[in-house]
Amino acid sequence: MAVAQRSGRSRYRLLLLLLTAATLLTLDFRGFGPLETAQSRARDALEPVVSVFDAVLGPVAEVWTVMFSYNDLRSENAELRDEVDRLASADIRSAAQQDAFDRLLDATGVTYVDDVAQLTATVLRDSPGNFDDDAISIDAGHRHGVAPGMAVVTSAGFVGRVEIVDAASSTVTAVSDPGLVIGVRLLDTGDVGLGHGMAGDPTRFVVDAGLRWPETGDLTELPAIGSPVVTAAGSRYPADIPVGRVASVEPAEAGLALLVTVELAANVEDLGYVTVLLQAPTDEAPVGPDSPFPQDSP
Amino acid sequence: MTARRPAVTAPVSMPPTVLRSRRLLAGSRMTLIGLRLIVVYLLALLLQLTFFSEVRVAEVAPELPALVAVLAGLFAGARHGSVIAFWAGLLWDVYLSTPLGLAAATFALVAYALGAVTEDLFHDTRIQTAVLVFIGTAATVAAYALLGTVVGQRGLIEDRLLRVVLVASALNAVLSLAAAPAMRWALGMRRAKSERKWRKPAEAARRGR
């Protein structure tokens with residue numbers, strides 16, 4: 001009797017917990033402000049401790065990485081030796097400094113957007129879990145003028161979108177995330193479509209909505225392989241940011257639509273610095289009969 | 001004839017001062033357990049956020065917040081374990097890009113199920129605990145991916161899911177060797193029977209002397 005009562009009570013408690021979780025999920029989906037603020041405050045409160053842990057455990061983690069990527073490092077080392085032989089004068093330290101400098105230049109030398117304020121940020125760390133491969137933490141937050149929805153780029157091209165903004169840090173969803181939909185324009189044909197990252201391949205991007213297979217059947221109307229792809233003017237992000245180059249073109253939806261695979265311009269897996277374009281993000285991309293984006297807004 | 005009244009015995013009651021001090025003792029013990037749990041969980045979270053964001057085996061990191069939730073289910077039972085797991089999941093949710101409440105619901109469900117199923121099982125040796133942690137972590141990671149997909153998250157169920165489930169569960173099982181004593185300490189539990197068994201001969205010998 002007592003056992004049954006206890007089990008009934010614990011079931012009731014579990015139900016309450018699940019209802020609470022469902023309520024939180026619903027509020028989060030609806031973008032409930034106080035909930036986001038509370039999460040941001042919690043992260044801000046823990047950030048100093050996380051930084052200290054990072055500083056203390058960083059060298060240990062590096063030792064681990066060295067131990068288990070020995071073969072990769074050896075081949076990399078051989079390549080570096082060749083380079084050192086060729087350059088002769090460069091020592092390892094200056095090479096490392098040069099590398100950091102190059103990466104900084106990569107991030108700050110954004111030439112394709114003129115009229116938008118830019119902020120250079122350092123990449124703090126990669127995703128903490130096993131399901132967040134496309135999340136990147138950067139050291140710029142709302143103190144620096146960063147807001148959710150802003151575009152993040154390098155000199156190579158589009159890197160992602162600012163998703164969560166805390167006081168001094170932010171989380172960026174990389175362009176390789178299959179959930180991040182972006183409005184793009186194929187420069188070769190001028191066609192506009194919607195694309196997203198490909199699960200399991202952070203170097204590719206697929207444009208699978210809004211493009212039509214040529215009605216005439218003339219294959220010369222297809223975008224050329226290697227032709228550039230940029231952000232579209234009607235998308236949420238500033239226009240003409242390089243996204244990548246067309247890697248393959250194939251028919252979809254029984255030959256009515258066009259599926260374009262794009263080789264991403266920016267390498268989102270190895271980022272040291274990035275540039276945030278401080279342009280107030282558009283809440284919704286224009287959707288409607290006159291818009292290039294028919295249904296799901298990017 | 002007068003009906004005989006049944007003898008009424010006064011209930012055995014404790015003096016109010018004793019009751020009050022017992023309640024205070026119980027309250028302070030709960031506070032202590034709560035504080036210890038916070039310490040253990042924060043340590044796990046910080047390790048996950050810093051060390052294990054770089055240190056991975058086969059590109060998979062252990063799931064320390066899930067480990068705490070699973071151990072809570074095993075050691076604290078379905079009733080209390082599910083509550084601890086819920087809070088563990090909620091704080092982990094703060095750092096994930098998936099919606100708030102997803103990990104909390106998953107952790108609570110798995111901790112409850114694990115607590116209920118293993119209630120009458122003997123699981124106080126390290127190997128038994130490790131096996132249960134393996135099963136619990138596998139269930140947690142799989143349920144998280146499944147629930148996430150149900151609520152519309154992309155990219156959770158993909159080719160590498162099986163690898164993530166197996167490697168993360170194996171890593172958690174190994175790490176449970178250190179995490180289980182920490183959770184026992186946090187929950188104010190005694191040492192496992194098997195560990196005590198090892199000490200018995202030594203103690204008996206000492207007493208015999």
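Please keep in mind that the model is predicted.

**The interface between the chains**

Let's start with the overall extent of the contact. Chain B contributes 50 residues and chain A contributes 42 residues. Together the two chains bury about 4,200 Å², with 67% of that area on carbon and sulfur atoms. As for specific interactions, zero salt bridges are counted between chain B and chain A, while three residue pairs are in polar contact, both partners being at pLDDT 80 or more.

Which elements of chain B give two or more residues to the side that touches chain A? They are the helices in this table:

| Element of chain B | Residues |
|---|---|
| α1(B) | 16–49 |
| α2(B) | 51–54 |
| α3(B) | 64–95 |
| α4(B) | 102–117 |
| α5(B) | 126–150 |
| α6(B) | 161–186 |

The element that gives the most to this side of chain B is α3(B), with 10 residues. Sorted by class, the side of chain B that touches chain A holds 34 nonpolar residues, along with eight polar and eight charged ones.

**An aromatic pair in chain B**

Now to the rings. Over all chains, a search of the whole structure turns up three aromatic pairs. One of them joins F51(B) and F52(B) in an edge-to-face arrangement, at 5.0 Å centre to centre and with 75 degrees between the planes. Are these two residues buried or exposed? Both F51(B) and F52(B) are buried.

How values were computed: Residues are numbered from 1 along each chain as its sequence is written. Chains are lettered from A and ligands numbered from 1 in the order in which they are written. This is a predicted model: local features need pLDDT of at least 70, side-chain atom pairs count only at pLDDT 80 or more; totals for chains, interfaces and linings use all residues. Side-chain values use heavy atoms; hydrogens and water are left out. Rings of Phe, Tyr and Trp (its six-membered ring) pair if their centres lie within 6.5 Å; planes under 30 degrees apart count as stacked, over 60 as edge-to-face and the rest as tilted. Buried means under 20% relative accessible area, exposed over 50%, partly exposed in between (1.4 Å probe, protein chains only). Contact means heavy atoms within 4.5 Å. Buried area is the accessible area (1.4 Å probe) that two parts lose on being put together, summed over both. A salt bridge is a side-chain nitrogen of Lys or Arg within 4 Å of a carboxyl oxygen of Asp or Glu. A polar contact is a pair of N or O atoms within 3.5 Å; within protein, one must be able to donate a hydrogen and the other to accept it, and residues adjacent in sequence count only if both atoms are side-chain atoms. Helices (H or I, at least four residues) and strands (E, at least two) are DSSP runs, numbered from the N terminus. Ala, Val, Leu, Ile, Met, Phe, Trp, Tyr, Cys and Pro count as nonpolar, Asp, Glu, Lys and Arg as charged, and the others, Gly among them, as polar.
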